[in-house]
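This report describes a chain and the aromatic pairs within it. Please consult the sequence and the structure shown below while reading.

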Amino acid sequence: MGTISLKNARKAFGDVVIIPGASLDIKNGEFVVFVGPSGCGKSTLLRMIAGLEDLTSGAILIDGKDMTEEAPSKRGLSMVFQSYALYPHMSVRGNISFGLKMAGMPKNEIDAKVAKAAATLNLTEYLDRKPRQLSGGQRQRVAIGRAIVRNPEGFLFDEPLSNLDAALRVNMRLEIMQMHKDLGATMIYVTHDQVEAMTMADRIVVLNRGNIEQVGSPLELYNRPDSLFVAGFIGSPKMNLISGKPAEKYNAETIGIRPEHLDISLKDGTWPAKISLAEHLGADTFLHVDAGPCGMMTVRAAGEYDAAPGVKIFLTPEPDRIHRFDKDGKAIRK
């Protein structure tokens, strides 16, 4: 089992409140991603679950047992940090097995666990190398291997890919997803990268200034954001958010429309616009346009769209894809 529950978990430093009170239930075997901008409290919340930060009030339950006052080593969780935190003088084998040796596990059991973890992470041929002889991605895999051998109830990842370049991030993202599939373990993953959140998560927890704004599957958050914050944060490129008179037509303070939900015409349409610049990505072209009262907007066109700066076009939003928000930034549902 690997269920994790937060019961109005609160964290404050004096009068400064970091987490006002978070409640969340994570199922056994679920991959949950905490996402939000820097300073939103996602890493603090993860450290509270790990036991590295004390709660000001509230409770944390693991497999139904209150672990709020328990030490990190008693919680049955393994944490993987942004920094690899490897011992430079030890081999890969030594780094992965260190915690097991400290726990007094028999050598034959340690060897079996290390071999299994190394095979899972494609590290078998690197077991005798030192960290300095490894790439960034390989070092991160060693850190993950060190967590795997403990056979934890759950894994906690604190922005583990932040130090990798773009190509390695994609590869490691796939490897972690495959590892989750193979192990079936509960995983909580913290990132500020909403693309990582969209591609990896069973459910996403969007945090804003310590508050849980919305929890749901990636597509639920993408298609039905509960607030302007979620609408503007989830999705790449971001949703176009339009206020003023164009929004009043739809009985809203603000409306939102995603770049792929705008039809382009050279003849007529709802909103006249002028192309400012175009990003040609091969499969897609992103047009950045000045739509007058609607402001600057981003439009996704399939394939190579012949667009020159200054060309006038017309944009028409797909009616069923318009998101409406009230004066408080909350979604208006039909």
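A residue is called buried under 20% relative accessible area, exposed over 50% and partly exposed in between, with a 1.4 Å probe and protein chains only. The model is predicted, so to speak of local features requires pLDDT of at least 70, side-chain atom pairs count only at pLDDT 80 or more, and totals for chains, interfaces and linings use all residues. Numbering runs from 1 along each chain as its sequence is written, and side-chain values use heavy atoms, without hydrogens and water.

Of the 334 residues in the chain, 46% are buried. The chain holds nine helices and 18 strands, taken as DSSP runs numbered from the N terminus (helices H or I, at least four residues; strands E, at least two).

Rings of Phe, Tyr and Trp (its six-membered ring) pair if their centres lie within 6.5 Å; planes under 30 degrees apart are stacked, over 60 edge-to-face, and the rest tilted. This rule gives five aromatic pairs, including the two tabulated here.

| Pair | Type | Centre to centre | Angle between planes |
|---|---|---|---|
| Phe31 and Tyr189 | tilted | 6.0 Å | 40° |
| Phe155 and Phe157 | stacked | 6.2 Å | 20° |

Because Phe31 belongs to strand β3 (residues 31-35) and Tyr189 to strand β8 (residues 186-191), their pair ties together parts 158 residues apart in sequence. Both Phe31 and Tyr189 are buried. Phe155 is buried at 3% relative accessibility, and Phe157 is buried at 0%. Phe31, Phe155, Phe157 and Tyr189 make up one aromatic cluster.
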